[in-house]
Amino acid sequence: MLQNMMAVCFRLLLLLLLFLAAAVSAMDAVTEAWANRVIPLPKQINVAGSRVLSKDEITLCPTDSEDGRIATAIETVQPFAGGDQGFTIKLILTHDRKNCPAKLAKALAKLANRDQAYAIEPVMTSGAFSGFLLVANEPLGLLYAARTLHQLLTPSLNHRHIEIPQVTIVDWPDLEERGEWGWNLSHDRYSIAELKMNEVEMHATLGFQADGSPSATLDRAFLSESKRLGVKVVPIIRHLEQLAVTGLFTYHPNTAATPEPNKPLPSDYQPAVCFSNPASIDLIAGWMSQLLAYEEVHDINAWLAESPSPCFCELCRGHNSFELQTKSLLRAFAMAGADHPDAHLRILLSQASYRDNDRVLASITPGTRITYYSGQTTYDSSHEPMIYPLLESFARSGQWLSVYPQLTNSWRTVFPFTGPHFIKARMTEFVEKGLHGFSGYATPANGYYDFNIAAAAEWSWNSSGRSARQFAEAYATRLGLKQPRLFAEWADLIGRTGWHLAGSRTVESLIFAAGGQVFIDGFIEDGELFSTEKPIEYGKGILAEFPNEASLDHHLASAQQALELAQRADEPLMLLESRCVLHTLLFVKELESVVDVFQQPLSAARTKTIQQQLDAVDVTAQNLTAAMIGWGNLVHPVEQEALHYRFRDSVDFAATIAGRLRTWAEECQIVDPLPAYRFHRIASWQTEDFAETADLALWADITEHVQQAGAYDIRLFFLNGASGVDTRAVTLLCGPTKESAQPVFVDRWDGRLSRYGRYLEYWLTIPEKPNNLAHALDRYFIKAELSGPALNLPQPRRTSQGELLIRKSWRDAKVNRSIH
Ligand SMILES: [Zn+2]
């Protein structure tokens, strides 16, 4: 009895404690409403009312400093402070003992990542709220205090009066380094800096002077501007088997690796590097030393080879290639970094080093930093955790570990993915396992993935703050959407479904399949994703995260529900993403089903079913294509020529797969109702075309293929050969003959076709033809410009074959209202 009573008391006590804990962690409604303006959520924030002032009643009292980040902090707050007395915002560094309250200096001194920590404290004069102290240990922290204040006040920016919350904040990040590596950083660094992300990694320009001495440069203006924004720049030394592009073997042919004897070289072969040759190490040391000479550079990230690329010379043979690479980098850095005691070498792991990562970790010296990358396992958006036991124990032992996670549907796709649960899981894992940072990958530009980037900023700073829904509401508030709660409800639905789609690599795999390729264990190979003999199975491959049809149907229903919320919200952003997700799920369901029917024995019923299902696939492909182009143009509008090939592929894959299925149907005499929408061969290139030149212009008369005005695709496809080709442009011309035809449209951008990516699609628009007799005899031509193997390559390597194809596109199709 007594025992029972004690147990009851214990439970009551536990409940009381839980209640108190919840009450402490939960924000009051006023604070929460204000905090919704701030991303990332500050660790400690409390708002006790507010005051309304005009700008000329607010004054800024800056701290005395030469540091560019403090200048940025001042610029950040200045728009709200137009007066020279009254309500005063004071910027103070903790070492300024005269002005900094001891209590704040003490509180900030002990925080994690103290260089970034800051406090905002209201100043009370005779009981009235009369100003702010913005306090930090270091300039970066002060900049962060200013950024937080800026976000709190932004909705008042264009008003005469500003509502100022009486806010108390103490804040610091969970992860020391929150960054990105990628391609659009000169633009994207501004928006990520506002979210308190603090690192970017970018390729250094590596090469050689005329005398063969190494040359490594970075853009000075980029470096100084990044520093001013509070963003650290880490230069990259590219994958070590890809140094041929630097001119290494032109100047130093003796550093080239010896290829495997008696094995034919693959197409586009370039030698790797022999690391037993001391010259290789000297040259890399030369690059490193020039990079460390930039005052803004403290770390260099050297990337291990990402494909197996051993050297078979006498000295290298029998040694582990990744151990050799690691030891070479350490030796080079020891030479280059001798005068830079604060500098750090980072070594990037890869899918090729994956099995030897234990050897790499065992080879490094103290202070060497490791970044985990693998084309298969960090460019992964599945529900699996990312940091595996070897690396987890490395990080937990206090050593410095970062990671290159993709923050999107897939590195290969440009597909909408509002994924709060996904990003929260990733960032929480990194924080819990003791990582020091991450450099996210979101190609080709953050504009396509604004939500996930902001989410990464949120949970890498404050991993146990907001829930997925709470963050989505804050995001929508900051974006100024009309109904943030509705957006949060939508993000909760589309985020869960989008994560399953991303985790199954559905779109990524279908893009590879559109070129007759597969992506396995981080490597691109020729192969079939599915065929008349190879079914698509639930729980595997492109349905990996959909264990059965019921699960796919559940997500279809969620996507449908998300679409309905989007219609209620009347936000194009939500509508288009919902459609892309819904139509992709429908597409993959129909694909699974029709491939399944193709496996059945021949019968009239089978033929009829195939016919009906192919028609359905066409409708879905059409809707998906139209939704994808609509979404891309909305979230990241750029000129057509600036559209990345991965976006083009993401728009076009469904039409290609639908066309592939139609070719299977020919044998059961199913008439294709939409032949214009399938590829037709219009030209080709052969090895002989490059006999005397590397540059080639391929012409084709396409008049019979373009009977209707509108959008068309010109596909360039690499069939085989030892050399891929560079593509430059496809031009549409019109006139009575090829010689007299005038250009009417050009899609000009540089691409590369090879065994790593067999196709590219150039986009054309055929104008409405004038109803004019003078033009009746006009014909349409296309000219495709490409460059094949260089003339100085040995003859056996100068082989290349490929073809050009045309089809009408669904990009300008209206979404089929009969479906949605
Ligand atoms: Zn060697």
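Biologist: How many cavities of 30 Å³ or more does a search of the whole structure find?

Modeller: In this predicted model, a search of the whole structure finds three cavities of 30 Å³ or more. The largest cavity has a volume of about 50 Å³.

Biologist: What makes this space a cavity rather than a pocket?

Modeller: The word cavity is kept for points where a 1.4 Å probe fits but cannot get out, whereas a pocket is an open set. The largest cavity is lined by residues including Glu-180, Trp-181, Trp-183, Leu-185, Asp-188, Pro-444 and Asn-446, and at least two residues of that lining come from each of β7 (177–181) and α6 (185–194).

Biologist: How is the lining of the largest cavity divided into nonpolar, polar and charged residues?

Modeller: The lining of the largest cavity has five nonpolar, four polar and two charged residues. Gly-182 is one of the lining residues, and Gly counts as polar under the definition in use.

Biologist: Which residues of α6 are called buried, and why do they lie on the same side of the helix?

Modeller: Buried means under 20% relative accessible area, and in α6 the term applies to Leu-185, Asp-188, Arg-189, Ile-192 and Ala-193. These residues cover an arc of only 140° around the axis, so they lie on the same side of α6. The elements that cover the buried residues of α6 include α5 (139–153), β7, β8 (199–203), α7 (220–229) and α14 (450–461). Just after α6, Lys-196 takes a positive phi of about 65°.

Biologist: What is the volume of the second largest pocket, and which residues are closest to its centre?

Modeller: The second largest pocket has a volume of about 600 Å³, and of the 22 residues that line this pocket, Arg-69, Asp-115, Leu-140, Lys-232 and His-298 are the closest to its centre. Two or more residues of the lining come from each of α5, α7 and β11 (232–237). By class, the lining of the second largest pocket divides into 12 charged, five polar and five nonpolar residues.

Biologist: Which other domains does the domain assignment give, and what distance separates the centres of domain 1 and domain 4?

Modeller: The domain assignment also gives domain 3 (500–670) and domain 4 (679–808). The centres of domain 1 and domain 4, taken over C-alpha atoms, are separated by 59 Å.

Terms used: Residues numbered from 1 in each chain as written. Predicted model: local features only at pLDDT ≥ 70, side-chain atom pairs only at ≥ 80, totals over all residues. Heavy atoms only, no water. 1 Å grid on protein atoms, 1.4 Å probe; cavity = no way out; pocket = protein on both sides within 12 Å on 5 of 7 lines; lining within 4 Å. Points joined across faces, edges and corners; volume = space filled by probe spheres on them. Helix = DSSP H or I, 4+ residues; strand = E, 2+ residues; numbered from the N terminus. Buried < 20%, exposed > 50% of the residue type's maximum accessible area, 1.4 Å probe, protein only. Arc of directions from axis to C-beta. Contact = heavy atoms within 4.5 Å. Domains from an automatic or database assignment.
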